[in-house]
Amino acid sequence: MSPPLLSVRGLGKHFPIYGRGFVRKVTGLVRAVDEVTFDLAPGETLGLVGESGSGKTTAARCILRALTPTAGTVLFRPDDGPAVDLATLPERALKPLRPRMQMIFQDPISSLNPRMTVGQIVAEPLVIHRLARGAELDDRVADILRKVGLKPEHRSRYPHAFSGGQRQRIGIARALIMRPSLVVADEAVSALDVSVQAQVLNLLKDLQAEFRLTYLFVAHNLDVVRHFCDRVAVMYAGRIVELAPVHELFTQPKHPYTRALLSAVPWPDPDVKMRFDVPGEVADPSRLPPGCAFHPRCGECFAPCRTLRPELIEAGGGTRAACHLHDPVQAAQRRATG
Ligand code: SF4
């Protein structure tokens with residue numbers, strides 16, 4: 001088995017909260033991402049899901065070093081070479097690795113410069129990294145435009161002349177022209193109509209097979225994740241609470257929060273009632289509850305949940321879950337005390 005392309009261990013991103021007054025002391029921390037750990041195999045698609053504010057986008061940005069993590073390691077192994085820790089690498093050493101990891105953004109309108117032609121937008125990463133010029137640059141732009149379903153003659157047009165789906169194809173072309181190994185797609189189809197979503201997802205699948213891409217797919221739409229991902233990591237209050245193969249997650253969810261999320265997924269059956277039956281709001285990452293951060297909202301909460309923070313542990317079926325229900329010792333005590 002080939003080693004993981006990406007090994008994330010104990011990743012954290014904490015933002016300080018400053019008090020008022022002349023001397024601005026740090027009075028607290030917003031734990032936007034905390035102790036996130038997972039591996040990503042070459043060619044795999046991992047979905048990162050959760051409600052707004054769960055930390056999924058911040059985690060993805062830390063992995064690409066768009067944000068500098070405050071804790072943990074991000075071991076990246078491009079081209080089966082030696083692993084490098086993106087979390088601590090100085091910016092100068094990071095630059096040659098940038099082409100190997102790219103991002104596709106949610107909003108194709110705001111992520112494309114309206115003053116640049118499509119040709120300039122798509123060619124820009126190659127120009128910045130001085131990887132091609134002249135006829136070779138033109139050929140590579142034309143080639144990638146064809147591969148994403150656009151025409152080489154679209155090069156001279158501006159982004160406003162395209163539909164939402166076509167603009168997202170331009171964003172994909174810009175990311176893939178660098179021949180990356182790792183692509184982070186941050187809500188890449190959320191802003192598109194359902195029919196266009198399907199086309200773009202099919203395109204991403206085809207491109208994954210052709211270029212052997214590895215995707216970290218940040219999304220809140222579980223139905224999309226179900227059809228697109230190999231494994232899923234569910235985040236709550238900055239931490240991964242369940243990490244599972246996609247089929248297992250949707251058929252045998254192990255964490256109460258995952259079960260609640262799935263209960264809110266629309267189902268094509270009028271007799272199936274859809275409801276997100278979890279009281280309260282997502283935990284405030286600056287004032288996380290002690291113990292399990294989900295315990296004030298959890299219908300299965302028992303004594304240790306209020307004081308002990310659950311770690312990600314084996315929960316069966318290839319799933320890891322951060323829940324005391326899957327800890328044999330805690331579960332036995334729960335049964336014993338009724
Ligand atoms: Fe619920 Fe306790 Fe599991 Fe947290 S640890 S999800 S509170 S049962």
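Mentor: Helix α10 lies across strands β9 and β10 (239-245) and runs at about 105 degrees to β9. Here helices (H or I, at least four residues) and strands (E, at least two) are DSSP runs numbered from the N terminus. Axes are lines fitted to C-alpha atoms, for helices over the stretch in contact, with angles from 0 to 180 degrees between N-to-C directions, and contact means heavy atoms within 4.5 Å. The model is predicted, so local features need pLDDT of at least 70 and side-chain atom pairs count only at pLDDT 80 or more, whereas totals for chains, interfaces and linings use all residues. Residues are numbered from 1 along each chain as its sequence is written, and side-chain values use heavy atoms, with hydrogens and water left out.

The sheet is open and of mixed pairing, with eight strands in the order β6-β7-β8-β3-β9-β10-β12-β11; two strands pair if DSSP finds at least two bridges between them. Its edges are β6 (101-104) and β11, each of which pairs on one side only. On average, neighbouring strands are turned by 25 degrees against each other, direction ignored.

Five aromatic pairs are present, a pair being rings of Phe, Tyr and Trp (its six-membered ring) with centres within 6.5 Å; planes under 30 degrees apart count as stacked, over 60 as edge-to-face and the rest as tilted. One of them joins Tyr236 and Phe294 edge-to-face, at 5.1 Å centre to centre and 80 degrees between the planes. This pair links distant parts of the chain: Tyr236 belongs to β9 (residues 231-236), while Phe294, 58 residues apart, is in the loop between α10 (256-263) and β11 (313-316). Both Tyr236 and Phe294 are buried, that is, under 20% relative accessible area with a 1.4 Å probe, protein chains only, where exposed is over 50% and partly exposed in between. Ring pairs also link Tyr215, Phe217 and Phe228 into a cluster. Lys205 lies over the face of Phe228, 4.9 Å from the ring centre; such a charge has NZ of Lys or CZ of Arg within 6 Å of the centre and within 35 degrees of the ring normal.
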